[in-house]
Amino acid sequence: MAKAQGLTWTVEDADSMTQAEVYGEVLTQIGQQNPKVVALTADLAKSTKIGRFGEVIPERFYNFGIAEANMIAVASGMAETGLIPVVSTFATFASMRAAEFVRTDLCYQKRNVKIIATHSGTSFGTAGTTHHCTEDLSIMRTFAGMTVIAPADAYETARAVAAAIEIEGPVYIRIGRGFEPPLHKSMDFDFEVGKAIELREGTDVTVIATGVTVVHAVEAADRAREQGVSVRVLDMHTIKPLDVDAVVRAVKDTRRIITVEDHSTIGGLGTAVADAIAASGKGCAFKKLGYQDQFSIVGYPEDLLHLYKLDGDGILEAIGLILKQDFEQDEDWEDEI
Amino acid sequence: MLQDAERKTLQDTARRLRERIIEVTYSCGGAHVGGAMSQHDLLIALYYKYLRIDPRNPRWEDRDRFVLSKGHGGVGHAVILADKGFYDTKLLDDFNKTGSPFGMHLDWLKVPGVDVSTGSLGHGLPLALGMALGGRQQGRDYRVYCVMSDGELQEGSVWEAAMAAAQFKATNLTAFVDRNKLSLDGPTESIMALEPLDKKFEAFGWRVLSIDGHDYDAICEAIETAHAETGRPVMIIADTIKGKGVDYMENQTAWHYGGLDNDMRDRALASVRRMK
């Protein structure tokens, strides 16, 4: 079993636990094993589920009230003393309210702090645009030295949190509100930061998805297969460092790529993949799914993913469109790869 | 009260290093010399009487931490760290030059003896609080000192940290305000008033001491009072003079930042040499 380093706790029933609850349990177990881990939140202990850590290890739990900038800088100071602070708040506040503190106090200063940003994308749909966060992947990946991970489900979140503790330096983990459907069946799968997981083999189109959209990409691929279209699905859980090899292989093998993210199409997964494709020097048909330079509206998360064409229906439609898209063939490809 | 000999040693050291600040400001093309002079006596008292540090082991786990939250005072800090032996003072000849470890705002990854990288205002107090809480969490007895400018108190994050330091009773944290009353655009009170500053910090749960920031007896007494405090963090509001020691710079907004020609340098050095 590809077990996470040091993690003995196993998710028994992800169907009845949210992504955030799983992360709360995993972090608590890591905290029990590693006395250097401290947990910080900004009056969102209950919502983010980091409060579980506080119930079990209150002497290493800090609630800073509704003051995210201060919390990030304090975490930087704590890391200077050798602690491993894990900070949890909503993605919108971690990535934007406190952005300059994340950049200057964590990344520039190379501090060993982990941010678990919950309620990302439109997962807190009914709360409206102030509580949606469709910009964080873009912002976080521009900060030098930041590792950026968007796990697809609760099991992957557990693996990502355990892996993040082992990384020396700042890590941003982006999860949803916690009601996302599970992708994996257990915690027993190969998970490595910076390595995409190929969930479906395919030769006609590659769908590269991240976070909550991965499970929808799998659904779209399975439905496409019934129509005779062979779709590769990559779970690109790590946005930075990006698995460039997996992207270039997809260009070579399928020549048609769709990216899907519960995020703006500007600066996130789609942009990172586009950079990799452009740098490869090879042409391919390419389509980015996400929020198209727009603020998302109020609604239930599953409705919003459908509305913005990020669910199975939307991805399947994009697969149909990209199959018709022309691109310049490159006769020299085999010589150069 | 300090012994006369100790007071004189501190004053002599301060004067000698004020001259170095002027020399570096001259050679590097320009620096925040006004604020470096106003903060100077606070730093001298800390570095030459109180800080538990080892220049041969700059990352010693149990050392006291010092955060220059007003990172633009870095020229003054750099001169002191060189004098303490953290690095060769000749390195300061390259201050501001491309590729030099030394620039306007010091970076802990480049300059031995610097505990955190500052420059963006409003970060130092929460960074220092994190170090204080981290030390307490791990049962270490070191102290954390933080020197802020007065202008930076206009940043909201300072007050977020002020609330948190009181909430967590961070008595191993001692903070200072270098209250020179001038920021880049002019007097703080006409731009965005800070007064009554002592009452603000008191209302936020701090013990506040107001002192003359150029009087070593007052500075040392305040620091020792802070050491003895067991219930609250202590804020020392140090009434200071921007450009202190250089007659033509004192209380002049224009000397927030500046460069020196030969004549200015000579007049500045002569003025400092006339100080007590």
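**The interface and chain A**

Author: Chain B and chain A bury about 2,100 Å² between them, with 56% of that area from carbon and sulfur atoms. Keep in mind that this is a predicted model.

Reader: Which residues in chain B lose the most area to chain A?

Author: B:His123, B:Gln137 and B:Glu160 do. Together they make up 26% of what that side buries.

Reader: How many residues does the contact take from chain B and from chain A?

Author: 29 residues from chain B and 27 residues from chain A.

Reader: And how many salt bridges across the interface?

Author: The rule finds 2. In one salt bridge, the side chains of B:Arg65 and A:Glu80 meet at 3.0 Å, N to O. There are also 15 residue pairs in polar contact across the interface.

Reader: Which elements give two or more residues to the chain B side?

Author: α4 (124-137) and α5 (156-167) of chain B. α4(B) gives the most, with 9 residues.

Reader: How do the residues of that side divide?

Author: Into 12 nonpolar, 10 polar and 7 charged.

Reader: Switching to chain A. How many helices and strands?

Author: 14 helices and 12 strands.

Reader: What about its radius of gyration?

Author: Chain A has 19 Å. A compact globule with 337 residues would be near 20 Å, so the value agrees. The C-alpha atoms fill a box of roughly 60 × 40 × 40 Å along the principal axes.

Reader: What share of chain A counts as buried?

Author: 63% of the 337 residues. And of the contacts in chain A between residues at least 6 apart in sequence, 77% join residues at least 24 apart.

Key: Residues numbered from 1 in each chain as written. Chains lettered and ligands numbered in written order. Predicted model: local features only at pLDDT ≥ 70, side-chain atom pairs only at ≥ 80, totals over all residues. Heavy atoms only, no water. Contact = heavy atoms within 4.5 Å. Buried area = accessible area lost by both parts, 1.4 Å probe. Salt bridge = Lys/Arg side-chain N within 4 Å of Asp/Glu carboxyl O. Polar contact = N/O pair within 3.5 Å; in protein donor to acceptor, adjacent residues only side chain to side chain. Helix = DSSP H or I, 4+ residues; strand = E, 2+ residues; numbered from the N terminus. Nonpolar A, V, L, I, M, F, W, Y, C, P; charged D, E, K, R; others polar. Rg over C-alpha atoms; globule rule 2.2 N^0.38 Å. Buried < 20%, exposed > 50% of the residue type's maximum accessible area, 1.4 Å probe, protein only.
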